[in-house]
Amino acid sequence: MTPAWRERLVTVTIRVAGVSAIAFLVVIFFFLIQQGVPALREVPLRDLFGSRWYPIEALFGLVPLVLGSLWVTLAATLIAVPLGVATAVYIAEVAPRSVREVVKPFIEVMAGLPSVMLGFLGIAILAPDLYRRLHLTTGLTAFTGALLLGWIAIPTIVSVAEDALDAVPRAYRDGALALGATRWQTIWRVTLPAARGGVLTAVMLGIGRAFGETMAVMMVTGNAAVIPRGLGAFFQPVRTMTATIAAEMGEVASGSVHYHVLFLIGILLFAISLGVNLVGASVVFRARTRAERILS
Amino acid sequence: MVNLALAWAEAYQTAAPTVEVSVTGGGSGTGIAALINKTVDLANASRRIKPEEVAQARANGVDPVETVVARDAIAVVVHLANPVDHLTIDQISDIYSGKIDNWREVGGDDRPIVRVSRETNSGTHVYFLEQVVRRGDPADKTLFAADTMLLPSSEGIASEIAYNQNAIGYDGLGYVTPEMKVIAVGKTAGGPFYLPSVDTVTRGVYPIARDLYIYSTARPTPPARDYLAWILGPAGQALVADSGFVPLSNAP
């Protein structure tokens with residue numbers, strides 16, 4: 001094989017790989033639309049906005065499920081973002097080399113833990129412990145789910161944010177320190193803002209990971225389809241969209257109204273994750289143009 | 001009833017080593033759906049097949065045939081430290097529909113009631129809804145209270161009942177563990193109240209008992225037919241009792 005041919009083969013292979021990712025996404029999207037949109041015809045819109053989800057009696061109110069997902073994701077974000085970004089800063093900026101070489105692989109192992117195993121630990125240890133310690137009525141709550149989701153999202157946030165911090169040119173830090181800034185001022189005013197795009201991407205990926213997680217949430221959130229009201233609802237059961245699909249899809253007769261509604265939930269999930277990613281991308285984009293303006 | 005199906009399949013390996021039986025769980029609806037889609041020979045179910053499922057099966061060229069293979073009692077369970085030891089069907093119905101919200105109202109401590117149920121895809125859930133929450137009245141449209149926790153597995157129910165003093169749950173007799181207290185159930189407030197057991201189910205006095213089914217096609221394959229016959233025979237029925245269910249041979 002001549003070098004030119006080899007070059008062409010590699011180019012074509014890479015192009016096919018790249019295009020196929022988009023093609024798969026488009027196919028999945030069309031399949032979701034095709035299976036989910038009939039639900040809008042079969043169930044009156046008012047019923048979909050109802051507050052009760054009980055599919056075996058044809059009650060298809062999606063409000064508790066959507067709010068349940070958002071609620072758990074919000075709580076998980078509040079836990080995972082500060083911890084994840086702080087850990088990334090520590091690894092990239094503060095930790096001595098020896099510590100860094102131990103901590104980083106550990107975080108990566110954390111990312112590899114199967115979520116069903118975490119869910120199992122959640123049921124067996126975390127739920128009874130929270131029940132006793134916090135005097136809850138049950139240990140299977142939105143908060144329990146958020147703790148597990150936080151654990152699941154942290155490795156994603158840490159590894160992406162750490163890469164972004166690592167990519168900030170050495171000269172930025174040296175410049176800040178030479179101007180008399182303390183280490184903390186350097187991190188907070190220079191390094192973090194310089195890596196803002198990557199850190200925001202890390203946060204968005206983390207949120208997406210938490211939002212789409214299924215197994216662990218289904219095992220520990222109690223799956224009661226109630227609308228969360230007030231802060232106390234953090235310590236009450238919720239039912240997420242992903243858990244609903246996972247729990248019910250196996251049973252449902254294909255082509256039935258219930259089946260179509262489950263796909264409609266899939267479309268909603270898809271739309272919300274897409275929204276989160278678009279918001280993330282636009283923030284990153286705006287931040288970058290502003291930085292470019294300042295530098296020019 | 002996946003435990004029972006697994007016990008049968010395992011024992012049948014020694015009874016008929018040339019036949020391979022593989023078992024998948026997931027709830028009665030899952031099994032029946034698989035029978036309709038022709039991916040299995042036999043579907044175990046803890047509830048009767050629904051008319052729309054029969055229609056779907058027929059449309060797909062499958063004619064489902066029902067065989068009662070065992071009986072089962074649904075045990076109502078609470079935490080070991082819960083002082084309540086008997087309830088009427090009406091009280092259980094009111095607890096699950098949300099009319100009763102505190103254990104005090106049924107003679108227990110002043111504690112909120114946490115309702116635990118199987119997921120809606122479980123035959124046990126549907127049976128409990130129809131026979132207990134709605135007291136067997138087809139015109140009754142009572143629902144589970146919205147805050148009823150729907151747990152995807154019997155293990156989830158077992159662990160919740162084991163640690164939570166507020167919880168009430170239900171599941172097949174075969175899933176009762178020593179870490180739960182079983183409630184005696186009666187039809188009227190004056191009693192009598194019965195604990196679920198092989199004896200009380202066979203005598204027909206325990207009020208929450210049901211048949212367990214296997215659905216096959218009208219013309220099952222010879223190995224499937226032999227397996228079904230073996231299940232109904234003495235060896236298969238002995239395993240029914242071992243798995244915590246009620247064998248047919250003792251039935252009245």
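View 1. B:Arg104 counts as exposed because its relative accessibility is 51%, and B:Asp110 is exposed with a relative accessible area of 54%. Here exposed means over 50% relative accessible area, buried under 20%, and partly exposed in between (1.4 Å probe, protein chains only). The two residues form a salt bridge whose closest N and O atoms are 3.4 Å apart; the term denotes a side-chain nitrogen of Lys or Arg within 4 Å of a carboxyl oxygen of Asp or Glu. The model is predicted: local features need pLDDT of at least 70, side-chain atom pairs count only at pLDDT 80 or more, and totals for chains, interfaces and linings use all residues. Residues are numbered from 1 along each chain as its sequence is written, chains are lettered from A and ligands numbered from 1 in the order in which they are written, and side-chain values use heavy atoms, leaving out hydrogens and water.

**View 2. A buried salt bridge between B:Arg118 and B:Asp171.** The side chains of B:Arg118 and B:Asp171 meet at 3.6 Å, N to O. B:Arg118 lies in strand β4 (residues 114-118) of chain B and B:Asp171 in strand β6 (residues 167-172) of chain B, so the pair ties together parts that are 53 residues apart in sequence. Strands (E, at least two residues) and helices (H or I, at least four) are DSSP runs, numbered from the N terminus. Both B:Arg118 and B:Asp171 are buried.

**View 3. Salt bridges in chain A.** A:Glu101 and A:Arg97 are joined by a salt bridge (3.4 Å, N to O). About one helical turn separates A:Glu101 from A:Arg97, because they are four residues apart in helix α5 (residues 97-112) of chain A. Both A:Glu101 and A:Arg97 are exposed. A network of salt bridges links A:Arg100, A:Lys104, A:Glu162, A:Asp163 and A:Asp166. Over all chains, the structure holds 25 salt bridges.

**View 4. The interface of chain B and chain A.** In this interface, 33 residues of chain B are in contact with 30 residues of chain A, contact meaning heavy atoms within 4.5 Å. Two salt bridges are counted between chain B and chain A. In one of them, B:Glu119 pairs with A:Arg239, with the closest N and O atoms 3.0 Å apart. Helix α6(B) gives the most to the side of chain B that touches chain A, with four residues.
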